[in-house]
Amino acid sequence: MAKKVTMQKIADHLGVSKFVVSKSLSGKGGVNETTRERVIQAASQLGYFTQKNAYVQSIKRPPQSADSDRNKQSVLVLMPNIRSQTQDSLYWGKIVDGIALALDQEGLGMVIVSEHRTDNFVNILNPNGLLGLIGVGQISTSLLLEVHRIGLPMVLIDHEDPLIPSDTVFANNTDSMTRLSNHLMGTGHTELHFIGNIRYSRSFRDRWIGFRSALEENGMKTPAGDDEMLQLEGMDDGTFDEGFKQWLQRRKKTKSLPTALVCANDFIALTISDVLKAEGFVIPGEVSVTGFDNIEDATRGVPPLTTVHVPKEAMGRAAVEKLLNRIHNPAAPLEKILIAADIVHRDSVAGPRA
C-alpha cells in the first residue's frame with residue numbers, strides 16, 4: 001500500500017516548513033505567490049490531491065436536505081476577465097449563452113464571476129446554494145485550487161490544468177485541423193505554414209498537432225519547433241501583427257512565402273489578412289488563409305474566411321450536462337468530452353499560385 005502523502009512530506013521535499021505548506025494549501029495569507037505555486041506543484045506531483053480528505057476544508061458546504069428546493073440553487077460560472085474572456089466576446093460569449101440556456105431548462109440559476117485574483121475570489125466565493133462550477137477559458141491553478149479545496153464539482157471548457165483534476169469540454173481541435181489541412185493539400189497546396197503561439201492555450205497546441213499530423217501523413221516537412229510563427233508574441237494584447245509583418249517581409253524578400261497560412265483562430269487569420277493586403281498580396285490569388293472558431297466576423301472578412309465551425313453553444317450545454325452527471329455520480333471516472341467541429345468553406349482559399 002502506498003504511503004500517505006502528508007504536509008510534512010511535501011515540506012521535506014521542498015525544504016520548507018510544514019507551516020508554509022499548510023498556509024499554501026489552505027489558501028491563507030502569509031505566503032508569497034511563487035512559494036505557493038511551488039507547494040501546489042509539488043503536492044500534485046507527490047499525489048497529495050489524489051488522496052481522499054486531502055484538504056483541510058477552509059469553507060464548509062452545508063448539507064443538502066432531501067427536499068431542498070432545486071430551483072433556488074445556482075451554478076457558478078467562472079470566466080476570468082483576461083485574454084478577452086468576456087460575455088461580449090464573439091467566442092466566449094456564445095459558450096456562456098449555451099450554459100445559460102441549458103441551466104434555464106433545468107430550472108437552475110447562474111452566477112458569473114470574472115475575478116482573476118485568488119484573494120478577491122476567496123472573499124466573494126460563497127458555496128451556499130451552489131451546485132458546482134463551470135470554468136470558461138484560461139483559469140489560474142490557484143483559482144481552481146480554491147474550488148477544489150471546498151469540494152465544489154467542476155467542469156472546465158476549453159481549458160485543463162495538469163495539477164487540478166476535473167472533467168473538461170473541448171472542440172475536437174486536433175481532428176478538425178487535420179481535416180482542414182488535408183483540404184488545403186487536396187487543392188494542391190504543398191507549402192503550408194501554421195500561424196499562432198502554440199504555448200498560448202491547450203486548444204492552440206491541439207490545433208498545431210492536427211496540422212503537423214496532416215503534413216506528416218502526407219510525407220511533407222513540418223516547421224521546426226523553434227519556428228517563430230509557432231511562438232508568435234502578442235496574443236494577449238493583439239500586438240502580434242508586427243511580428244508577423246516582419247516575418248512576412250523577410251519571406252517576401254527571399255520569395256519563400258508559403259502558399260497557405262493556417263491560423264490558430266479567426267482573429268489571427270483576419271489580422272494577418274489585413275497585413276497581407278497592406279503588403280500587396282492578393283487573397284486567395286497569391287496566398288490562401290484559414291482560421292478556426294467561425295466567429296461572426298469571419299463572414300465579414302474580405303474575402304470571407306474559410307474556417308472551422310466550433311459549436312460554441314453546444315460546448316456550454318455539454319458542460320452543464322456533464323456537471324449535473326458529476327453531481328449525481330461523484331465517483332465516476334473523469335472525462336474529456338470532445339465536440340465535433342466542421343469546416344466552413346468560404347472565399348479565402350483557392351489553389352496555389354503558379
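Student: What do the buried residues of H10 pack against?

Tutor: They pack against strands E6 (192-195), E7 (260-263), E8 (288-290) and E9 (307-309), and against helices H8 (202-217) and H9 (240-254). Packing here rests on contact, meaning heavy atoms within 4.5 Å. This is a predicted model: local features need pLDDT of at least 70, side-chain atom pairs count only at pLDDT 80 or more, and totals for chains, interfaces and linings use all residues. Residues are numbered from 1 along each chain as its sequence is written, and side-chain values use heavy atoms, with hydrogens and water left out.

Student: Which residues in H10 are buried?

Tutor: Asp266, Ile268, Ala269, Leu270, Thr271, Ile272, Ser273, Val275 and Leu276. Buried means under 20% relative accessible area (exposed is over 50%, partly exposed in between; 1.4 Å probe, protein chains only).

Student: What makes the length of helix H10 agree with its residue count?

Tutor: Helices (H or I, at least four residues) and strands (E, at least two) are DSSP runs, numbered from the N terminus. The expected span of a helix is 1.5 Å times one less than its number of residues. H10 has 13 residues, 266-278, so it should span 18 Å. Its end C-alpha atoms are 18 Å apart, therefore the two agree.

Student: What caps the N-terminal end of H10?

Tutor: Asn265 does. One of its side-chain oxygens lies 3.3 Å from the backbone nitrogen of Phe267. A polar contact is a pair of N or O atoms within 3.5 Å; within protein, one must be able to donate a hydrogen and the other to accept it, and residues adjacent in sequence count only if both atoms are side-chain atoms. Just after H10, Gly280 takes a positive phi of about 95°.

Student: Why does Arg326 count as buried?

Tutor: Its relative accessibility is 7%, so Arg326 falls below the cut-off and is buried. Arg326 is in helix H11 (residues 312-328). Its side chain reaches the backbone oxygen of Pro330 at 3.3 Å. Beyond neighbours within four places in sequence, its contacts include Pro153, Asp167 and Leu334. The C-alpha atoms of Arg326 and Met154 are 8.2 Å apart, although 172 residues separate them along the chain.

Student: Why is H7 called oblique to H8?

Tutor: Helix H7 (residues 173-186) and H8 pack at about 40°, with axes 7 Å apart. Axes are lines fitted to C-alpha atoms, for helices over the stretch in contact, and angles run from 0 to 180 degrees between N-to-C directions. Under 35 degrees is roughly parallel, over 145 roughly antiparallel, 65 to 115 roughly perpendicular, and the rest oblique. The angle falls in the rest, so H7 is oblique to H8.

Student: What about H4 and H11?

Tutor: The axes of helix H4 (residues 92-105) and H11 come within 7 Å and cross at roughly 45°. That makes H4 oblique to H11 too. Among the residues making the contact are Ile95 and Gly98 of H4, and Met315 and Val320 of H11.

Student: Why is Asp293 called buried?

Tutor: Its relative accessible area is 6%, so Asp293 is buried. Asp293 sits in the loop between E8 and E9. Its phi is near 120°, a positive value in a residue other than glycine. Asn294 is in the loop between E8 and E9, with phi near 60°. At 16% relative accessibility, Asn294 counts as buried.

Student: How many of the 354 residues in the protein chain are buried, as a percentage?

Tutor: Buried residues make up 51%.
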